[in-house]
Amino acid sequence: MKTRYQLIILLVLIAGFIGACRTTSKIAKTPKAKNIILLIGDGMGVAQMYAGHIAKNAELNMESCKHIGFSRTHSASDLITDSGAGGTAIACGIKTTNKFIGMNPDSVAVKSILHYAEENNKSTGLVATAAITHATPASFIAHNISRYNYEALAEDFLKTDIEVFIGGGLDHFTKRKDQKSLLTDLKAKGYQIVTDQKGLKASKKSKLAALVYDKHPPYMADGRGNFLPLATNKAIELLNKDKNGFFLMIEGSQIDWAGHDNDSEKLIKEVLDFDEAVGLALDFAKKDGETLVIITADHETGGYVLSNEEEKRNSLKGIFASEHHSAVAVPVMAFGPGAEKFTGFMENTDLFHKMYEAFGFDKSKLSR
Ligand SMILES: [Zn+2]
């Protein structure tokens, strides 16, 4: 009898062990990202990246990602997108009309990955080297038929429980046609408000509105200095206090502006500054182990190519085909849990759906 009982106990133990192994392998197969850091180099195509590589004379941080793809950027209205429709595609997963923010072509508001992260009890943040109300960051939080309705876009920051936002654009919150100061409302909602880099550096509160410039921050070439790396580190530090995880979008806004200005020198400085932020995000993700980092662009700007300088072998010159955006697909690079989904050619709208899936959010709650 004793042997029979021992045999049964042994069988139960073996069955339990096999079960445990299966569960572990199931978890290992579909790792969920607790945090996502999405970095958007506005206007950054492959040539812009490679110009940065040449100037650095070394591999960029973003080039260390092993999961690589391309994003097609056309909008619902145009083969060449603007940053409103481009940002909305990535943020909300829908193609829309150029200049629209967080709305479909029928002018119906659509929730972004930031809104879904809030609904799923995660903390959220936006960082930009432009006014925080500019098209790309606004696409993640606001809804409007025009990217240029800055004062209305600023008001939308009060309608979402975003924890941290850092950029320029203080004037859109304070010097408004309606005479309101949104800073009073932000304070009432529990935000610490800072308006300079010193304040940003010292901030400790998990709800932070850092409007560090009245309008836009200057170009790197004109003395922006350490702003983006500082903002990146601060946003990660504050958002990482949330045990449920976070979503953070960081934009290198002025790669695009240097493209519009057809200025290679400025462009390269913007790419390298953006890549420093990428490096900080990747360092955090490597230590953390539960953070998915995605680096991409909303479109290419300037039709930029690297050509030989006349009569000079192995000396490159950046040449621009236009002062506007172009239609070419832009790179997507990813690291961390779920990164393997960001490969091959994809639509810019797929980025939203892949992030939604990587977070493990409930697909039945996706209203589309
Ligand atoms: Zn642009």
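1. Two strands are taken to pair if DSSP finds at least two bridges between them. On that basis, in this predicted model, strand β3 (residues 123-131) and strand β4 (residues 164-168) pair in the parallel sense, over four bridges. Within this pair V127 stands opposite I166 of β4.

2. Both strands belong to an open sheet of 10 strands with mixed pairing. The order across the sheet is β5-β6-β4-β3-β7-β1-β8-β13-β2-β14. Its edges are β5 (192-194) and β14 (344-347); each has a single partner strand, so one side of each is left without a neighbour in the sheet. On average, and ignoring direction, neighbouring strands of the sheet are turned by 15° against each other.

3. With strand β2 (residues 67-72) it pairs in the antiparallel sense over five bridges, and here I68 stands opposite M333 of β13. With strand β8 (residues 291-296) the pairing of β13 is also antiparallel, over four bridges; I294 has A334 as its bridge partner in β13. Five of the six residues of β13 are buried, so this strand is largely enclosed by the rest of the structure.

4. Which residues have the most contacts inside the largest nonpolar core? They are L126, F140, F165, F173 and F247, in a core of 53 residues. Helix α13 (residues 348-359) gives the largest share of this core, six residues. A second, separate core has 50 residues, including A130, L228, F246 and A281.

5. F247 deserves a look of its own. Leaving out residues up to four places away in sequence, F247 touches I36, L38, I113, L114, A117, S123, T124, G125, F140, L239, M355 and F359. One of these contacts, F140, is also listed among the residues with the most contacts inside the core. S123, T124 and G125, also touched by F247, lie in strand β3 (residues 123-131), while M355 and F359 lie in helix α13 (residues 348-359).

6. D42 is in the loop between β1 (35-41) and α2 (46-56). Not counting residues up to four places away in sequence, D42 touches S83, T136, E251, G252, S253, I255, D256, D298 and H299. Acidic residues, E251, D256 and D298, are among these contacts.

7. Just after α2, N57 takes a positive phi of about 60°.

8. H324 is in the loop between β11 (316-320) and β12 (325-326). Is H324 buried or exposed? It is exposed, with a relative accessible area of 53%; the cut-off for exposed is over 50%. Beyond residues up to four places away in sequence, H324 touches H260, T301, G302 and G303. The C-alpha atoms of H324 and D82 are separated by 9.3 Å, although the two residues are 242 residues apart along the chain.

Methods. Residues numbered from 1 in each chain as written. Predicted model: local features only at pLDDT ≥ 70, side-chain atom pairs only at ≥ 80, totals over all residues. Heavy atoms only, no water. Helix = DSSP H or I, 4+ residues; strand = E, 2+ residues; numbered from the N terminus. Axes fitted to C-alpha atoms, helices over the stretch in contact; angles between N-to-C directions. Contact = heavy atoms within 4.5 Å. Core = buried A, V, L, I, M, F, W, Y, C linked by side-chain atoms within 4.5 Å. Buried < 20%, exposed > 50% of the residue type's maximum accessible area, 1.4 Å probe, protein only.
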